[in-house]
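Try each one before reading the solution.

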Amino acid sequence: MSLRRHLSPACVLITLSLGFTTAVRAAEPYEAFIEKHCVRCHGQDKQKGDLRFDKLSRDFKLGADTHHWAEAMENVNSGEMPPKKDKEPKPTQAEIAAFVASLDGALKEGRASRMAARPSVTHYRLSRKEYQNTVYDLLGARYNPAIPGGLNEDSLWHGYDRIGSMLSLSPSHVDRYYRAADTVLDRSFPTKSSEARKVRKTAEEMGYGDKNSMKSIQESLDRFGIKRPLRYLLYPGRVPTALSPQWFGKTGPEHSGLYRMRIQASGIRPLGGQPAHLSIGKETGEETVSGLIEFDINAPEDSPKVYEFEVFLDMPSSLNFAVVATEGVDRRAGAAFRNALTSGPAYIFTHSSETRTLNANAPQMFDDKGHSIFSTVLVDWIEWEGPLETKAEKSRREGLMPPDNATPEVVAQYLQRFAERAWRRPVQNHELEEYLKTYRSERTAGEKVAEAYRAALQGVLTSRNFIYLVEGEPKAREQLTDYELASRVSYFLWSSMPDDGLFTAAKGNTLKGEALKKEIDRMLADPRTSRFVDDFSRQWLQLNRVGMFPPDKKLFPNYDPWLETSMRGEVVEYFREMFGKNQPVEGFIHSDWTMANSRLCDFYGLPEPKTEGFQRVSLKPEDHRGGLLTMGAVLGLTSDGTRHRPIHRGVWLSDAILGKTPPSPPANVPAIEPSTAQNPKASLRDKLAVHSKNPNCAACHAKIDPLGFAWDNYDAIGQWRTVEKVPAGLGADPAINPAGTMPDGRAFQDSNAFKQLLIADRDAVARAFIEHLCTYALRRVLTFDDREDIKAIAAEAKKNDYRIKDIVKAVATSELLQKR
Amino acid sequence: MMFLVRCSWLKTFVVLGSLFLVAGSLNVAGFAANEEPRTKNQEQVAVPFRPENGKFPPLDKSVAYRGELVFVDHATRRGSLRVEFKSEFFRSPPTPFAMLPYGMVRYHGAPADLRDIPLGTIMNIRAFLPPDPKNSSVVTTPNHWYPLPLENHAILIEDEPSLCLREGKTWKLKEVDLQNNQGIVLATRDSQDAAAAKDPEEKLTIDSTTRFWRGRESLSLADLVAEGTWPASGKKSLGGQSALLGLIWKPCPDGIFVRYHISDVWLDDKATQRAIQSQTEVHMSLIRSRWMPAFVDKVEYGKFGRATVTVTLFGGMDPSLYADFKKDGTGAINGAENTLKHAGGSYGPAHMASKGTILEVIKTPGVAPMGSSGIQVRFETDLIIEGIRPGRVVRIRPSGWPNVYIPREEFLGEGSKIEDRFPRPDIFPIYR
């Protein structure tokens with residue numbers, strides 16, 4: 001393991017905000033350092049390595065000599081420069097810290113400025129998720145851009161997938177946008193009938209084969225006098241078919257759409273174990289599926305329950321079941337044991353008490369009291385119905401298609417109305433001329449009106465005006481137009497295009513003052529804000545990193561995909577609760593409740609909830625949970641899969657909660673060696689302490705490390721502990737020491753005390769949250785120029801006690817959001 | 001006792017032998033014949049005893065009878081006996097029997113498998129009513145006028161020498177009468193127990209097929225005549241010479257309904273021990289490759305397939321086989337059916353067996369019931385298979401035994417039909 005992964009924040013904690021940078025000053029500390037320690041070899045008299053500092057550009061925004069400056073910082077940071085053999089006095093720790101801090105700040109400011117640079121016309125490409133939402137809200141068409149061959153994955157910046165400067169457009173993107181538009185139009189205006197169909201498969205049909213098999217099975221049942229019906233036993237380790245397109249008969253892409261799945265099932269859990277969890281999705285491995293539908297099954301064996309879900313399916317589509325559990329039947333003997341559990345004449349399952357019809361060589365799934373040994377799901381039947389379409393979805397397409405006898409003029413009017421919604425602004429006739437030309441040529445070639453018009457629609461949907469949020473015009477201006485503002489707030493709060501109300505307000509030029517506030521209130525009350533909750537919480541807290549390094553199964557046998565999904569869900573649902581109840585911002589830091597499902601409750605050691613799904617549960621001090629910072633997802637997203645990484649935790653906290661991004665670590669930091677059997681066991685903190693004695697590193701670590709050490713009571717997947725398990729070494733495992741001192745000198749004893757210090761700094765926490773919201777809403781990195789606007793939003797938010805929804809509203813109605 | 005008893009289990013049998021009030025007799029025991037009142041008028045009789053799964057039944061509830069072994073399906077441990085009657089033996093239709101899972105076969109005074117026993121051998125049986133009459137793998141011939149036994153699930157089936165060795169009996173040869181290399185031997189079967197009822201004198205046929213075992217020698221009738229021990233022709237007193245006799249049946253002239261033929265004569269202890277030793281080796285080899293059958297007594301469950309299993313090893317084996325089960329040794333348990341067929345064995349029975357460690361080998365105090373070894377093995381596995389549940393039959397092996405494939409007819413395999421697990425009686429013809 002490289003030390004980089006442990007020590008990603010390097011040696012200096014810099015008080016730069018996420019986006020803010022300070023202007024380079026002539027008397028910056030790095031200049032004094034260079035003058036004192038560098039120019040004698042890299043100046044006017046000598047130019048070792050062909051490097052001359054006085055000739056390097058100080059215009060960091062331009063970025064001309066950025067690589068030279070970065071290399072200089074790296075060399076000083078790592079101790080390579082000034083050279084050890086140099087007889088001149090070595091720089092002090094304070095000098096190094098000041099040099100790295102100021103130079104890193106200048107470099108960051110330059111980068112931020114370049115990323116935030118806005119020409120007179122700016123283009124912000126829609127993220128995949130926003131594209132999906134937009135075509136749905138525009139046409140009522142369901143399209144999943146994340147499927148293979150769909151749209152390219154969006155590039156991330158600090159977890160955000162909507163930063164304009166990161167979202168480029170390559171030729172392959174263009175091709176994919178054309179295909180996506182085709183698919184969307186196919187689904188919106190299908191040429192083939194796609195009436196909803198329903199299919200139901202019983203346990204017998206799914207698991208027990210043909211008539212010959214059934215005859216043999218019936219003989220077995222009769223032999224033992226078993227009257228109960230067959231059930232389809234699902235267990236961890238195999239992914240049997242949950243949906244086959246053949247079940248419907250002939251099935252093609254025209255049958256894609258929303259499907260309703262109903263399943264009668266029950267679950268048997270291991271004694272004291274987790275409820276059975278069923279995941280239904282595309283097969284991704286012998287034991288796994290990509291979870292399209294996820295749910296716990298608490299219904300007991302003798303009282304099965306019907307579960308119902310709606311899900312979008314790209315047809316033809318095959319789906320599989322996966323019972324997700326910490327423990328499953330392993331692959332021993334060439335997977336023979338798990339294969340022996342497969343239903344059929346050799347494994348006839350009716351009830352956990354009726355075991356004589358089960359394959360004698362199959363692993364036991366139930367003990368003598370009917371408790372499950374492994375988590376199991378018993379399926380009685382499954383039903384699929386679709387594609388379904390709501391009236392609301394159909395209504396979005398009403399009036400979009402011109403009549404068969406439409407004149408070209410009428411067709412042009414239709415196209416203009418559509419383009420104005422699609423491009424989210426008024427459209428001039430000449431902008432559509434190319435598309436109308438296409439329409440005419442199609443008509444000349446003999447196509448019907450509908451087909452020819454479809455070609456024009458495709459042009460609109462593949463236009464930059466649809467794919468991008470376009471702000472500005474050739475003549476530079478500072479303020480957004482009302483249409484631009486409508487899109488900005490809409491994509492901020494709904495991750496999609498404006499609705500009719502917003503368009504009307506934009507058209508009336510009324511998105512200002514109180515009218516804007518009312519409009520934002522209306523938007524915040526709309527169910528579409530659920531998209532904001534999902535998208536923002538995921539991006540702000542960098543939940544994409546959860547499970548990035550899968551936890552080692554041997555070290556953490558109780559970690560499984562459902563736990564990971566549940567961990568992510570906790571964060572999002574917690575944010576939803578905070579947002580929905582308009583809780584003050586310090587609730588992010590600490591609370592006496594959380595949002596958990598039964599899997600998480602089991603993991604945290606909380607009482608099992610009585611109902612399924614996420615719900616608000618109370619926390620006691622002895623639970624050692626409360627707030628975002630003690631959630632499994634947050635504690636685990638910085639781990640390397642084997643052990644916690646306090647420095648990474650510190651950097652994440654600094655970034656996400658305090659809005660300050662420490663510099664990257666130097667490249668040549670040696671890795672932290674694991675303990676050997678001959679030495680006393682040492683905690684990671686002890687080992688880092690040795691490393692931090694290096695003066696080149698000490699200044700940074702003093703500021704980063706405490707932010708991470710405070711959470712040392714939580715292991716790599718967020719489990720509470722009082723000692724750190726060290727695999728090798730002499731003596732007992734070392735006790736956890738979560739105490740530390742904040743960079744400003746305030747001491748804390750543990751994570752609770754640390755949280756209190758953060759809450760005492762709620763202004764800073766709220767400000768960082770506002771900065772994250774603004775980055776998300778503006779789709780760009782913040783700069784020094786945004787500082788006053790942020791301050792104004794913070795002041796407005798403080799009036800309402802930094803309540804979350806009020807903060808969001810303050811951002812949405814701020815001056816900053818109305819600026820280009 | 002005249003012959004040395006080699007097997008320790010036999011001591012148990014000798015003790016139990018005192019209970020054999022009927023079996024010791026050459027006469028057919030009072031089995032429950034196929035008589036209408038038995039089933040139609042049950043209120044007149046006590047509830048019939050049937051063995052229960054997972055339990056060794058008391059031997060005194062069994063009935064004894066004997067007959068000629070005429071058919072064997074060794075893979076399902078079933079066969080047919082021509083049961084002895086006082087009337088026309090040749091007309092007695094073959095009567096099916098099935099071995100109980102713990103039922104023991106003995107041949108030449110040693111443990112055996114049905115496949116070891118030549119057809120025609122006179123076998124002595126101790127049997128119970130079918131444990132599950134609705135699903136019995138053998139049925140008695142219905143409505144047959146012969147009083148055939150309904151007790152057709154055997155806990156013990158043994159040949160004549162085995163019975164004698166087990167009960168401490170020996171044949172006393174009184175006289176031989178030979179003509180043309182064949183003749184009659186007069187003999188009585190005496191018990192060492194002076195209080196035991198005397199068996200009547202028997203007339204047994206003998207001819208050139210009879211084998212004589214003396215020390216390490218294998219002799220024919222002609223050899224005995226040549227050396228002058230037996231006469232070439234006419235009668236000669238044998239003076240009550242002790243011997244063990246192997247009995248078979250074959251058609252007898254002169255309208256004799258029931259008369260047995262001597263297949264083998266063991267003339268001394270050394271010859272007997274050689275026979276015992278030879279059969280013991282055959283059986284040990286079989287068990288080591290087919291594993292030791294056992295009942296599951298108890299399962300203590302751990303997490304995710306871990307379990308500690310207690311089994312009782314079936315009885316009647318050579319002590320060295322039991323001694324192979326050692327504390328802290330490793331081994332495997334495979335599921336089996338009442339026929340003792342392995343549940344799976346396509347890739348050898350070990351492929352899908354529960355593997356683990358022997359935690360303890362326990363010798364239960366007191367006398368073990370027939371069928372049981374009185375030895376329990378506690379076994380810990382990390383993946384318990386379905387076949388290992390209390391009351392079910394398993395096969396267990398210590399890892400030192402050879403890991404070999406077994407023939408197809410001796411395991412069930414996936415996809416087996418219910419009749420493979422629970423054989424139907426269809427293979428037995430019904431004689432009218």
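**Exercise 1.** In which loop of chain B does B:Asn181 lie?

*Solution.* Start with the ground rules. This is a predicted model, in which local features need pLDDT of at least 70 and side-chain atom pairs count only at pLDDT 80 or more, while totals for chains, interfaces and linings use all residues. Residues are numbered from 1 along each chain as its sequence is written, and chains are lettered from A and ligands numbered from 1 in the order in which they are written.

Now find the loop: B:Asn181 sits between strand S7 (169–179) and strand S8 (182–191) of chain B. Strands here are DSSP runs of E with at least two residues, helices are runs of H or I with at least four, and both are numbered from the N terminus. Next, look at the backbone: phi of B:Asn181 is near 65°, a positive value in a residue other than glycine. Finally, B:Asn181 is partly exposed because 14 other C-beta atoms lie within 10 Å. The cut-offs are 20 or more such atoms for buried, 12 or fewer for exposed, and partly exposed in between, with C-beta atoms placed from the backbone.

**Exercise 2.** Find A:Ala335 and describe its phi and its setting.

*Solution.* First, A:Ala335 belongs to helix H9 (residues 332–339) of chain A. Second, its phi is positive, about 65°, although A:Ala335 is not a glycine. Third, A:Ala335 counts as partly exposed, because it has 15 C-beta neighbours inside 10 Å.

**Exercise 3.** Trace the closed barrel of chain B.

*Solution.* Follow the six strands in the order S14-S15-S18-S17-S16-S19, with antiparallel pairing. The twist averages 45° from one strand to the next, using lines fitted to C-alpha atoms and angles from 0 to 180 degrees between N-to-C directions. Strands pair if DSSP finds at least two bridges between them. Then zoom in: seven bridges join the antiparallel strands S14 (residues 292–301) and S15 (residues 307–314) of chain B. Within this pair, B:Ala294 stands opposite B:Leu313.
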